[in-house]
Amino acid sequence: MPVAGCPLPVARCRSARLSACVSFASLALTGRVALVTGGTRGIGRSIVDILVGRGAAVAFTYRQRADLAHEIVASIEAAGGKAWAGPCDVADEAQVQAMV
């Protein structure tokens with residue numbers, strides 16, 4: 001599905017070059033809430049930081065290291081952002097339903 005406002009032809013928007021269709025630098029998420037799975041490390045942590053930087057309130061999950069998750073929440077809130085972290089194993093459907 002093409003991205004609204006994308007200057008590229010539809011066929012190119014559906015290709016692996018989708019990133020050319022979206023300018024994340026101008027993506028404002030103020031007033032939005034995002035849920036990120038695995039937000040304490042790696043790609044998930046980077047996504048949390050990007051979303052918070054764009055103005056979103058972010059809820060993220062972790063499987064272990066509740067201490068690290070709460071440190072991340074505290075640092076986001078200290079910088080003026082909004083965040084919440086909760087335990088969730090995405091392999092467990094009941095936990096996923098409870099998280100959403």
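Modeller: We start with the sheet, then look at one residue.
Modeller: This is a predicted model, where local features need pLDDT of at least 70, side-chain atom pairs count only at pLDDT 80 or more, and totals for chains, interfaces and linings use all residues. Residues are numbered from 1 along each chain as its sequence is written, and side-chain values use heavy atoms, with hydrogens and water left out.

Colleague: What is the strand order in the open sheet?
Modeller: The order is β1-β2-β3, with parallel pairing. Strands are DSSP runs of E, at least two residues, and helices are runs of H or I, at least four, numbered from the N terminus. Pairing needs at least two DSSP bridges between two strands.

Colleague: Which strands are at the edges?
Modeller: β1 (33-36) and β3 (83-87), since each pairs on one side only.

Colleague: Which helix lies across β2 and β3?
Modeller: Helix α3 (residues 66-78), running at about 170° to β3. Axes are lines fitted to C-alpha atoms, for helices over the stretch in contact (heavy atoms within 4.5 Å). Angles run from 0 to 180 degrees between N-to-C directions. α2 lies across β1 and β2, at about 175° to β1.

Colleague: New topic. Where is Thr61?
Modeller: Thr61 sits in strand β2 (residues 57-62).

Colleague: Why does Thr61 count as buried?
Modeller: Because its relative accessibility is 2%. Buried means under 20% relative accessible area, with a 1.4 Å probe and protein chains only.

Colleague: What lies 2.9 Å from a polar atom of its side chain?
Modeller: The backbone nitrogen of Gly38. Beyond four places in sequence, Thr61 also contacts others, including Cys88 and Met99.

Terms used
Buried < 20%, exposed > 50% of the residue type's maximum accessible area, 1.4 Å probe, protein only. Polar contact = N/O pair within 3.5 Å; in protein donor to acceptor, adjacent residues only side chain to side chain.
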